[in-house]
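Please keep the sequence and the structure in view while reading.

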Amino acid sequence: MNPWIAVGMLAIVAIVIIVAMMGTSRLLRPSVPEQSKRTTYESGEVPTGNTHVRFNIQYYMVALLFLVFDIETVLIFPWTSIYRDIVGTEGLVWALGPMVLFIGILIVALAWAWRNGALGWVRNPKYERRMSRYE
């Protein structure tokens, strides 16, 4: 028997369970449409002003760069633990080549992000004017 059949069956069972739970929830839950349910929740307080706040895109860029380099660490750690075994069986080029290529791609991506200003934090114009007086 093919082992992928078990994986496929497990995926089908998981999907059926999720759909069944969502369907049962939809049938059993009470539906009381009120206008107050559509308002933005602010820790139990009545919302004041506009609830749509624009965040600086820099927060998202920093988070994405953190994820990229966090994943890099997750991928490099197992490689370092088996490096000696690979060098002994496959040779230095086969052990180091893929990791050098991987780190090279990450360095190029970091240089690109740096060049395009993704790492430079946007400064406050008041701070810039104040610092220009001291120069």
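The questions and answers below concern this predicted model.

Q: What makes up the secondary structure of the protein, and what pattern does it follow along the sequence?
A: The protein contains four helices and zero strands. Read along the sequence, its pattern is α-α-α-α.

Q: How do you know that the span of helix α2 agrees with its number of residues?
A: Helix α2 covers residues 57–89, which is 33 residues. At 1.5 Å a residue, these should span 48 Å, and the end C-alpha atoms are 47 Å apart, so the two values agree.

Q: Where does α2 bend, and by how much?
A: The bend lies at I82 and amounts to about 55°. This angle is taken between axes fitted to the seven residues ending at a residue and the seven starting there.

Q: How do you know that the span of α3 agrees with its number of residues?
A: The 24 residues of α3 should span 34 Å at 1.5 Å a residue. The end C-alpha atoms of α3 are 33 Å apart, which agrees.

Q: Why are α2 and α3 called roughly antiparallel?
A: The axes of α2 and α3 cross at roughly 165° and come within 10 Å. Angles over 145 degrees count as roughly antiparallel, and α2 and α3 are therefore roughly antiparallel to each other. The crossing in which α2 passes α3 is left-handed. On the α2 side, the residues that make the contact include L65, F69, E72, I76 and W79. On the α3 side, they include A95, M99, L106 and A113.

Q: Which residues of α2 and α3 are called buried, and what do they pack against?
A: Buried means under 20% relative accessible area. In α2, this term applies to Q58, L65, E72, I76 and W79. In α3, the buried residues are A95, M99, L106 and A113. The buried residues of α2 pack against α3, and those of α3 pack against α2.

Q: How much of the protein is buried?
A: Buried residues make up 7% of the 135 residues in the protein.

Definitions and conventions: Residues numbered from 1 in each chain as written. Predicted model: local features only at pLDDT ≥ 70, side-chain atom pairs only at ≥ 80, totals over all residues. Heavy atoms only, no water. Helix = DSSP H or I, 4+ residues; strand = E, 2+ residues; numbered from the N terminus. Expected span 1.5 Å × (residues − 1). Buried < 20%, exposed > 50% of the residue type's maximum accessible area, 1.4 Å probe, protein only. Contact = heavy atoms within 4.5 Å. Axes fitted to C-alpha atoms, helices over the stretch in contact; angles between N-to-C directions. Parallel < 35°, antiparallel > 145°, perpendicular 65-115°, else oblique. Left-handed = near helix turned anticlockwise from the far one by under 90°.
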